[in-house]
Amino acid sequence: MATQRRTKSFETELVIQARGLTKRYGEATVVRGIDFSVPRGQCFGLLGPNGAGKTTTLRMILGVTPRDSGELQIFGVDDPKQAHRVRARIGVVPQLDNLDPDFSVIENLSVYASFFSLHGAKIKERIRQLLEFTELSDRAHTRIDVLSGGMKRRLTIARALINDPELIILDEPTTGLDPQARHMIWSRLRQIRQSGKTLLLTTHYMEEAERLCDDIIIMDNGHIVAQGSPNALVKKHIEAHVVEIRGATESISINFDQFPPCRRQQVGDTLYCYTDDAHPLLAHLESQGELITLQRPANLEDVFLKLTGHEFRD
Amino acid sequence: MTWQLPHINFRALSVWRRNVLVWRKLMGPSLLINIGEPLLYLLGLGYGLGLFIGQMSDMSYLTFLASGILAASAMNTASFEGMFSVYTRMVTQRTYEAMQATPLSVDDIIAGEILWCATKCLISGTAILAVATALGAVHGTQALFVLPIIFLIGLCFAGPAIIMSAFSHGYDFFYYYLTLFITPMFILSGVFYPISSLPTGVQAVVQLLPLTHAIQLVRPLVSGQALTDVGLHVGVIVVYTLVAYYFAVVLVRKRLVV
């Protein structure tokens, strides 16, 4: 009995569990049998270049894109017929704003609440709290089209919280925002996570993923190419230091054999050198006046570029 | 999943309610368009042309025309709402995308939209009926039964319009449907003259159109003449309604649930 209970509670601790999740559009397979799970209370990042299959994965989680094969349990439920019940426990911040332009800030929230069959005094109080949380209280009766990009995003986040969801899905939550607005969103997302909710987010900003996410998967061409915490991924895939050399790199011959081991990659006009000991190389480069050099610690962006390549994606 | 019969759920009412709330804000221009045009027909044609025509089918031309316009304006209102407004919410504003992230399904959204189209027809139809009454075109209180018929016409024409929206990639596309289907129905289905004056071949085709049957229900109710073949007329409209509703749901599913 006790064992059974433990098993059950262990299972419900996984908010999302995907096994062999696959989606095809005609000939193209956009999600190729991916396995991953998201424990309750985590901030989980889904990274990948455009067309990697991130948004399709999010849509399958929401039950608005039918999968072709595989298992997908959300809150322990794997039944497309229950999708509306599952969605009642999820909040969504979409990639592009889809606020209702015909309504004011507060009407957007109350009408959205009605889609969850939430009405009455309780929801009024909740809306008041959410406007306060997103610092929109003084904008309650403003029309949507006069809000700034940052305010719209904050309202979209408030809207995603209207049903007090257990899981919040954010598809590129800070794309197109200025640094102030982005930091504000980050601090709110951290608060949401601290309140015990699970976050699943996609982003193209590696800094955002490093700051917010406990765990990350990197997708490319419908596959998962790496999984782990941001720190662990950097440690596993990249040497400790990065030296970027810009300028006429081809006209200068550097004999890299004289330095500690260094993995090199030329991208456009920049030569990236990944090494665990950058000092001898840097000392040498200092004598080469016409080159611009930059030394920095390895970060998630290096992992991302190493695993998904440097080619453009459209 | 895609071809399954539509699922009807009370959640559709929250979609309907959203549209009611928006309409309340933009009520002025909306009513002006929905009442202004039929009123022009009534005054311009009803009085102007009516002066030369006098009686048509044993009623004043104004009554004949008013009953036709009541039905046709419901057709127009539902068609425009189901195309231009639904497309705006489905594509331009991505309101449906936001709704799909809630417990609402495409089935709920489309049921709510069709219900709203019919409601909008009922609102403007009520106003047109009041105007027609004031102009002396309405004979008897049985004319109030026109209102549920107008609601039914709204349900009937909302479906095909939403089907057009499901296929559309821009507003221009809708003019095909308006030019090829709605305008011919407006001209041929007996709004302006009895269909008995058409060539027999054309009459046979016109008898298949839903607006023809709608007018044959509305006209006797407005003029006070005897209603005939109620079951047939209602039946034809209901069949059109159900078939269009089914395909509207299926085609929007094919567009949004992918």
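Author: This is a predicted model. Start with A:Glu125, which is partly exposed at a relative accessibility of 34%. Its salt-bridge partner is A:Arg128.

Reader: How exposed is A:Arg128?

Author: Buried would require under 20% relative accessible area, and exposed over 50%. A:Arg128 has 42% relative accessibility. A:Arg128 therefore counts as partly exposed.

Reader: What is the N to O distance between the side chains of A:Arg128 and A:Glu125?

Author: A salt bridge needs a side-chain nitrogen of Lys or Arg within 4 Å of a carboxyl oxygen of Asp or Glu. The side chains of A:Arg128 and A:Glu125 meet that way. The N to O distance is 2.8 Å.

Reader: Why are A:Arg128 and A:Glu125 separated by about one helical turn?

Author: Both residues lie in helix H5 of chain A, residues 121-133. They are about one helical turn apart because their spacing in that helix is three residues.

Reader: How many residues apart are A:Glu135 and A:Arg188?

Author: The side chains of A:Glu135 and A:Arg188 form a salt bridge at 2.7 Å, N to O. The pair links distant parts of the chain: A:Glu135 is in the loop between H5 and helix H6 (149-160) of chain A, and A:Arg188 is in helix H7 (residues 179-194) of chain A. They are 53 residues apart.

Reader: Which residues are linked in a network of salt bridges with A:Glu244?

Author: Begin with the pair A:Glu244 and A:Arg246, whose side chains meet at 3.3 Å, N to O. A:Glu244 is buried, with a relative accessible area of 8%. A:Arg246 is partly exposed at 26%. The network links A:Glu244 with A:Arg246, A:Arg296 and A:Asp302.

Reader: How many salt bridges does the structure hold over all chains?

Author: Side chains of opposite charge can pair when their charged atoms come close. Counted over all chains, the salt bridges number 26.

Reader: Now the strands. How many residues of strand S6 of chain A are buried?

Author: Strand S6 of chain A covers residues 167-171 and is mostly covered. On one side, A:Leu167, A:Ile169 and A:Asp171 are buried. On the other, A:Ile168 and A:Leu170 are buried. The count is five of five.

Reader: How many bridges join S6(A) and strand S7 of chain A?

Author: Strand S5 of chain A (residues 90-93) runs parallel to S6(A), joined by four bridges. There A:Gly91 stands opposite A:Ile168. S6(A) also pairs in the parallel sense with S7 (residues 198-202) of chain A, where A:Asp171 stands opposite A:Thr202. The number of bridges between S6(A) and S7(A) is five.

Reader: What share of the contacts in chain A between residues at least 6 apart in sequence joins residues at least 24 apart?

Author: Chain A has 11 helices and 13 strands. Buried residues make up 48% of its 314 residues. Of the contacts in question, the share is 71%.

Reader: Last, chain B. Which backbone oxygen does the side chain of B:Gln203 reach?

Author: B:Gln203 lies in helix H8 of chain B, residues 200-206. B:Gln203 is buried, at a relative accessible area of 19%. Leaving aside neighbours within four places in sequence, its contacts are B:Ile195, B:Ser196, B:Ser197 and B:Leu198. At 3.1 Å, its side chain reaches the backbone oxygen of B:Ser196.

Conventions: Residues numbered from 1 in each chain as written. Chains lettered and ligands numbered in written order. Predicted model: local features only at pLDDT ≥ 70, side-chain atom pairs only at ≥ 80, totals over all residues. Heavy atoms only, no water. Helix = DSSP H or I, 4+ residues; strand = E, 2+ residues; numbered from the N terminus. Buried < 20%, exposed > 50% of the residue type's maximum accessible area, 1.4 Å probe, protein only. Polar contact = N/O pair within 3.5 Å; in protein donor to acceptor, adjacent residues only side chain to side chain. Contact = heavy atoms within 4.5 Å. Pairing = 2+ DSSP bridges.
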